[in-house]
Amino acid sequence: MSRTSSALERLANREYEYGFVTDIESDSVPPGLSEDVIRTISKKKNEPDWLLAWRLKAYRHWLTLADAEPTWANVHYDPIDYQKIVYYSAPRPKKKLESLDEVDPELLATYEKLGISLAEQKRLTGVAVDAVFDSVSVATTFKKELEKHGIIFCAFSEAVQRHPELVRSYLGSVVPYADNFFATLNSAVFSDGSFVYIPKGVRCPMELSTYFRINAENTGQFERTLIVADEGSYVSYLEGCTAPMRDENQLHAAVVELVALGDAEIKYSTVQNWYPGDEEGRGGIYNFVTKRGKCAGARSKISWTQVETGSAITWKYPSCILLGDGSIGAFYSVALTARRQQADTGTKMYHIGKNTKSTIISKGISAGHGQNSYRGLVRINKGAAGARNYSQCDSLLLGDRCGAHTFPYLEVMNPSATVEHEATTSKIGEDQLFYCRQRGISEEDAISMIVNGFCKEVLRELPMEFAVEAQNLLGVSLEGSVG
Amino acid sequence: MLKITNLHAKVEGREILKGLDLEVRPGEVHAVMGPNGSGKSTLANVIAGREDYEVTGGEILYRGENLAGLSPEDRARDGIFLAFQYPVEIPGVSNMYFLKAAKNAILRHRGEDELDAVDFLEFARRKLKLVEMNEELANRPINEGFSGGEKKRNEIFQMAVLEPTLCVLDETDSGLDIDALRVVASGVNALRSPERAMLLITHYQRLLEYIVPDFVHVLSDGRIVRSGGKELALELEEKGYAWIEEHAAA
Ligand SMILES: Nc1ncnc2c1ncn2[C@@H]1O[C@H](COP(=O)(O)OP(=O)(O)O)[C@@H](O)[C@H]1O
Ligand SMILES: [Mg+2]
């Protein structure tokens with residue numbers, strides 16, 4: 001008994017490997033939010049007037065929301081002082097960058113340490129990476145190769161310069177600037193992120209990936225990602241993130257918009273490993289993110305796969321608007337909360353078109369004092385004849401000081417719809433652990449195996465390289481901690 | 001190989017084993033019989049090192065070494081195997097993957113080379129034949145959706161793969177129909193060897209028609225109250241456990 005709980009304890013308080021700080025000069029604006037700050041950000045990025053106007057519209061709307069910061073989620077934190085946050089911080093370039101070779105070696109080393117090689121000649125795997133450091137994108141690999149297929153994959157700010165018409169027609173088309181408190185804030189101050197456009201009929205030949213890193217102190221990260229898959233195209237996109245260990249909480253309020261036109265497919269995968277805070281709940285990232293995809297065309301497909309192991313607080317509901325007839329949305333999620341982490345996460349599936357289909361598989365794992373809530377909405381509109389949804393929410397508890405909660409919401413306005421919901425809660429069994437150990441498997445490996453088995457349906461949705469990373473993260477393998 | 005002296009053990013504060021003695025030498029097969037609740041599974045779990053069973057007196061020597069303080073995984077790696085009375089299900093974890101991890105943990109512990117995926121598969125396939133188990137079943141998540149008989153067969157398959165030195169089989173016969181019993185028994189018999197010892201825990205003597213023991217012990221209220229040769233099992237069958245209990249009390 002005692003040994004088992006000590007292994008769970010170690011899991012709950014597992015070391016955060018990515019907590020180092022990169023010592024680099026940065027160009028930051030002073031803390032605080034005002035029209036001036038927004039104008040400064042926009043000017044630094046040499047943005048067109050329409051974009052500045054959009055930001056300001058968002059900011060003015062945000063001011064009216066002062067009392068509307070969401071409180072319905074099952075998470076608890078002290079009020080955030082938005083005037084103490086730095087809204088823009090960029091590593092200061094020594095000179096203008098012509099190629100990847102000129103990226104500050106300190107930055108390259110940072111990404112190497114995180115296991116992300118930006119030196120593409122060394123990259124054998126077919127993954128193109130956009131690296132976002134604090135507020136700006138520092139490098140994008142494999143750009144040339146992708147351009148041959150007409151694919152655009154670049155920093156958001158670069159897209160604004162080079163493809164303003166595309167950005168302008170899709171920006172805010174899925175998550176409008178007035179959508180919610182954090183999305184509105186993001187619309188006002190977003191600094192960088194990735195932009196992807198896949199032309200008609202093109203199957204993107206490699207995985208596209210963005211790696212987000214928060215480095216600077218007291219800085220918020222407000223990135224914005226926009227992915228447009230034109231008719232009949234396909235893309236698989238991966239997102240990873242880490243941050244240094246700091247005692248203060250840091251805010252990450254991103255917006256991701258996906259647009260899939262007729263017969264297009266977007267697979268969006270996230271392995272989120274922001275700093276979770278320490279055992280006492282000091283520090284860690286507040287991950288308040290709005291992610292939404294629109295299946296605009298007939299038979300289009302969007303799937304969200306997420307493995308959430310980090311952050312002090314996670315508040316996110318990657319959603320699908322199933323507009324096109326026969327379009328398909330999916331949400332596969334693993335959320336692990338340990339230490340004092342809190343997660344309120346789930347999805348929303350809006351069935352609007354006929355014969356639309358959605359699948360929700362959610363796996364919540366709680367350890368330590370972690371609190372894990374699944375919150376999901378399935379809405380079937382009047383016109384969505386023949387719509388189908390299948391939801392499955394499973395919770396696994398490790399230890400008895402953690403919690404799991406499920407909040408499913410169903411709104412069915414069309415009688416021909418089929419909706420199924422299943423939910424289970426289980427405790428990692430002493431019997432299961434003993435069974436594994438009796439076969440010679442160490443306690444840590446046994447926990448890791450049982451947890452990974454529990455998450456299998458989600459992990460198999462991840463691209464290969466990410467699946468391994470995710471398993472290691474959940475892995476709990478706790479190298480060297482067993483004598 | 002196994003020498004248990006004056007063993008006392010508690011579960012949830014209640015004493016279940018009350019001074020048990022047992023000695024098993026290499027190559028021998030011992031049957032431990034006893035009524036429900038007499039402490040048979042407790043004995044099996046205590047040998048395997050389950051932590052919610054507290055040893056309050058006596059000792060267990062295994063190959064001359066005192067097992068006290070040794071973790072379940074270390075005991076397993078040293079060659080102790082328990083075929084569970086109620087094998088658990090572990091959703092999403094493939095049986096073969098699990099067994100390969102177990103086999104390699106044991107090999108590593110012994111300083112031997114680990115098996116790669118190809119070698120392991122070949123090795124495991126030979127063992128599957130032994131228990132007439134098909135590969136599809138072996139690849140499914142551990143015991144998930146297995147019938148009672150399939151679970152027991154899987155235990156013997158795992159035993160064959162891990163090649164233990166001391167095999168403790170806890171009511172492997174219960175819940176088996178006669179055909180399954182025959183298959184499981186022939187699997188067990190194939191594993192009998194001069195270096196390997198077996199402890200067969202059973203409620204009925206039926207199993208002992210197929211796996212003939214060298215010794216039979218009767219467990220009652222946490223103690224071995226009688227020991228003898230294989231004929232003791234028959235006598236027990238004839239006269240019932242009540243006879244032993246009266247006898248023991250007398
Ligand atoms: N984990 C446990 N918790 C509480 N009581 C137990 C536990 N395991 C066994 N017991 C009790 O110990 C006694 C012996 O059980 P057991 O060893 O399983 O007997 P057998 O296998 O001979 O049927 C029974 O009274 C049983 O209720
Ligand atoms: Mg029993």
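Trainee: How many salt bridges are there between chain A and chain B?
Mentor: The count is four salt bridges between the two chains. Bear in mind that this is a predicted model.

Trainee: Which elements of chain A give two or more residues to the side that touches chain B?
Mentor: Helix H1 (2-12), helix H9 (430-438) and helix H10 (443-454) of chain A do. H9(A) gives the most, with eight residues.

Trainee: And by class, what is on that side of chain A?
Mentor: Eight nonpolar, six polar and seven charged residues.

Trainee: What does B:Glu155 form a salt bridge with?
Mentor: With A:Arg439, where the closest N and O atoms are 2.6 Å apart. There is also a network of salt bridges that links A:Arg437, A:Glu443, B:Glu51 and B:Glu73.

Trainee: How many residue pairs are in polar contact between the chains?
Mentor: 14 residue pairs, both residues being at pLDDT 80 or more.

Trainee: What area is buried between chain A and chain B?
Mentor: About 2,200 Å², and carbon and sulfur atoms give 60% of that. On the chain A side, A:Phe434, A:Tyr435 and A:Arg439 lose the most area to chain B, together 36% of what that side buries. In terms of contacts, 21 residues of chain A meet 33 residues of chain B.

Trainee: Switching to the metal. What coordinates the magnesium ion?
Mentor: B:Ser41 through OG and B:Gln85 through OE1, at 2.1 to 2.2 Å. B:Ser41 lies in helix H1 (residues 40-48) of chain B, and B:Gln85 in the loop between strand E6 (80-83) and strand E7 (90-94), so the pair ties together parts that are 44 residues apart in sequence.

Trainee: Is B:Gln85 buried or exposed?
Mentor: B:Gln85 is buried, at a relative accessible area of 16%. B:Ser41 is partly exposed, at 22%.

Trainee: Are A:Glu308 and A:Lys316 buried or exposed?
Mentor: A:Glu308 is buried, with a relative accessible area of 3%, and A:Lys316 is buried as well, at 2%.

Trainee: What about A:Asp394, which side chain does it meet in a salt bridge?
Mentor: That of A:Lys363, at 2.8 Å from N to O. A:Asp394 is in strand E21 (residues 388-397) and A:Lys363 in strand E19 (residues 357-366) of chain A, so this pair ties together parts that are 31 residues apart in sequence. Both A:Asp394 and A:Lys363 are buried.

Trainee: Over in chain B, what does B:Lys18 pair with?
Mentor: B:Lys18 forms a salt bridge with B:Asp221, with the closest N and O atoms 2.9 Å apart. B:Lys18 lies in strand E2 (residues 14-24) and B:Asp221 in the loop between strand E11 (215-220) and strand E12 (223-228), so the parts tied together are 203 residues apart in sequence. B:Lys18 is partly exposed at 23% relative accessibility, and B:Asp221 is partly exposed at 45%.

Trainee: Last one, B:Asn95. Where is it found?
Mentor: In helix H3 (residues 95-109) of chain B. B:Asn95 counts as buried, at 0% relative accessibility.

Trainee: What does the side chain of B:Asn95 reach?
Mentor: The backbone oxygen of B:Ala138, at 3.4 Å. Leaving aside neighbours within four places in sequence, B:Asn95 is in contact with several residues, among them B:Met133, B:Pro141 and B:Phe157.

Terms used: Residues are numbered from 1 along each chain as its sequence is written. Chains are lettered from A and ligands numbered from 1 in the order in which they are written. This is a predicted model: local features need pLDDT of at least 70, side-chain atom pairs count only at pLDDT 80 or more; totals for chains, interfaces and linings use all residues. Side-chain values use heavy atoms; hydrogens and water are left out. Donors are N, O and S atoms within 2.8 Å of the metal (3.2 Å for Na, K and Ca); water is not among the atoms, so sites may look incomplete. Helices (H or I, at least four residues) and strands (E, at least two) are DSSP runs, numbered from the N terminus. Buried means under 20% relative accessible area, exposed over 50%, partly exposed in between (1.4 Å probe, protein chains only). Contact means heavy atoms within 4.5 Å. Buried area is the accessible area (1.4 Å probe) that two parts lose on being put together, summed over both. A polar contact is a pair of N or O atoms within 3.5 Å; within protein, one must be able to donate a hydrogen and the other to accept it, and residues adjacent in sequence count only if both atoms are side-chain atoms. Ala, Val, Leu, Ile, Met, Phe, Trp, Tyr, Cys and Pro count as nonpolar, Asp, Glu, Lys and Arg as charged, and the others, Gly among them, as polar.
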